[in-house]
Amino acid sequence: MPYQSPVGEFRFILDAVVPLAPLAATERFGEATPDMVEAILEGAGRMCDEALAPLSRVGDQTPTRLENGVVRSAPGFKAGFSAIADGGWVAVAASAEHGGMGLPQTLNMVVNDMMSGACLALQLNALLTQGQIEALEHHASDEIKNLYLPKLISGVWSGTMNLTEPQAGTDVGALRTKAEPLDDGSYAITGQKIFITWGDSDLTENVCHLVLARLPDGGPGTRGISLFMVPKFLPDADGNPGVANTLKVVSLEHKMGLHGSPTCVMAYEGAKGWLVGEKHKGLAAMFTMMNNARLAVGVQGVGVAEAAYQMALDYARERNQMGPIINHADVRRMLATMKAEVFAARAIALGCAVALDMGRATGEADWAARSALLTPIAKAYGTDVGMAVSETCVQVHGGMGYIEETGAAQFYRDVRVTAIYEGTNGIQAMDLVGRKMMDGGEAAFRLLQEVEDNAEAARAMLPQLAGDVWAAAETLREATEVLLAQGMEDRFAGAVPYLRAFARILGGHYHLRAAVAEGGKGPRSALAAVYIRRLMPQYAAALAEAREGAEGLFALSPEDLAH
């Protein structure tokens with residue numbers, strides 16, 4: 001059975017687990033009524049199932065290619081992107097001022113989840129455009145906004161982000177791309193960028209690049225970097241694509257997966273660009289786009305995990321080995337684990353999105369701190385789950401999973417990069433224990449208090465599961481206090497296991513909420529028991545590792561590691 005968007009799952013989560021109702025009660029998001037939410041779920045789900053899902057295998061088997069300097073997309077991708085654009089799915093959260101729907105990011109993440117499960121390679125194009133829209137809304141001049149936003153929001157033009165250079169990966173401050181002022185107020189951009197997703201396309205009329213570069217008076221490091229809008233075609237007097245800019249695609253990367261999504265090496269040769277935001281503050285403006293993308297990348301992991309789970313479930317029902325293999329205990333273990341992980345990761349991501357929207361709607365600092373805390377967790381855990389569930393999909397298929405013709409391996413090949421881009425999951429973890437703990441752990445402790453209060457309220461209905469979640473949250477509280485007393489090197493050494501422990505416990509929290517909403521009996525309660533009793537206990541081992549600090553790691557010298 002082909003991919004089916006989990007519309008019912010979103011309906012349940014947004015109603016009972018991570019309620020959307022408080023958002024609809026705000027002035028900013030009053031249009032997010034139950035009827036509107038239902039229309040979004042049904043419309044986006046139908047588009048994903050009918051227009052996008054059939055393209056996933058096509059893009060993998062007939063990759064994008066570079067012909068005479070122009071990227072040619074996989075068969076059917078142009079029609080697929082038109083379905084996205086024509087349905088307004090690029091513009092769910094974009095400002096209504098320039099043609100967007102103005103709806104919560106939460107609903108945008110729901111749509112992105114479904115698009116990722118249907119065809120991740122094509123969803124990436126829309127994702128990057130959405131991020132660029134948000135960056136321009138916050139930082140661009142009115143002139144740039146009025147010219148570019150309507151085109152990007154409608155999907156007539158698409159957007160990219162250009163940060164990475166061959167010598168400057170995570171260390172963005174080492175970039176060498178130059179920006180020279182021109183007499184007309186624009187700038188000449190010269191340099192090379194790598195890993196530029198959808199850096200060129202025949203899907204849209206124009207491709208708009210946000211490029212980080214350094215002005216002549218820009219100091220060293222990240223503080224001297226500025227941000228520029230550099231379009232493929234220079235807009236004419238009427239705002240339509242005019243003459244070609246002096247930029248080109250040098251080559252396409254040969255990747256492990258995501259063959260339908262072109263990853264370009266870009267060369268800018270005195271290309272004309274316009275400043276976005278203030279001089280020398282480009283990285284702050286670009287981070288607006290990147291923060292949007294961090295949560296969205298976590299959602300990509302969840303979407304692919306959903307698709308991989310669906311394929312594994314269908315195979316387990318159909319494959320006979322002394323009866324359908326779904327009746328074997330180990331296969332049932334794998335399937336239950338996959339389903340429980342997908343639910344937990346999805347709920348964490350949507351919890352982050354709701355906090356983000358509530359912060360914007362109310363201006364309350366606690367909501368902003370909540371979304372900031374949850375962003376690295378949602379990104380890292382969502383993509384970890386994407387990889388783990390995709391790998392398990394191969395295992396459920398047995399030897400057939402290793403054969404490319406079945407399509408099982410594609411999920412893992414496609415999703416693997418999500419744990420790397422927008423900041424590797426290790427960087428996400430360091431952000432969690434570093435920058436996100438600069439408040440002395442206040443946001444973390446508030447969230448843990450909520451987990452404990454929810455568990456206390458559930459004790460009468462589900463005493464064992466509630467007790468386990470409460471105890472886990474209390475243990476994490478104590479571990480957080482230990483972490484706050486550590487030096488930064490020790491924190492970083494234990495950052496990844498700490499984040500995993502936090503995610504495990506949040507997953508238990510949301511599964512418990514789902515079980516309570518069901519009344520304590522039924523499939524959601526059974527799934528909650530699988531997660532809380534079998535998977536959540538992993539937090540203890542993770543926190544034991546997190547407490548170890550850095551000393552034992554550095555006791556092994558580089559020479560020791562080489563022998």
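**Close-up views of a predicted protein model**

**Figure 1. Burial and overall form of the protein.** Of the 563 residues in the protein, 57% are buried, where buried means under 20% relative accessible area with a 1.4 Å probe and protein chains only. This is a predicted model, in which local features need pLDDT of at least 70, side-chain atom pairs count only at pLDDT 80 or more, and totals for chains, interfaces and linings use all residues. Residues are numbered from 1 along each chain as its sequence is written, and side-chain values use heavy atoms, with hydrogens and water left out. The C-alpha trace spans about 70 × 60 × 55 Å along its principal axes.

Figure 2. All nine of the nine residues of strand E6 (residues 206-214) are buried, so the strand is largely enclosed by the rest of the structure; strands are DSSP runs of at least two residues (E), numbered from the N terminus. Asn206, Cys208, Leu210, Leu212 and Arg214 point one way from E6, whereas Val207, His209, Val211 and Ala213 point the other way, and all are buried. In a regular strand, side chains alternate between the two faces of the sheet.

**Figure 3. Strand partners of E6.** Strand E3 (residues 157-162) runs parallel to E6 and is joined to it by six bridges, two strands being counted as paired if DSSP finds at least two bridges between them. Within this pairing, Ser158 stands opposite Val207 in E6. Strand E7 (residues 225-231) runs antiparallel to E6, with seven bridges joining the two, and Ile225 in E7 is the bridge partner of Arg214.

Conventions:
Buried < 20%, exposed > 50% of the residue type's maximum accessible area, 1.4 Å probe, protein only. Helix = DSSP H or I, 4+ residues; strand = E, 2+ residues; numbered from the N terminus.
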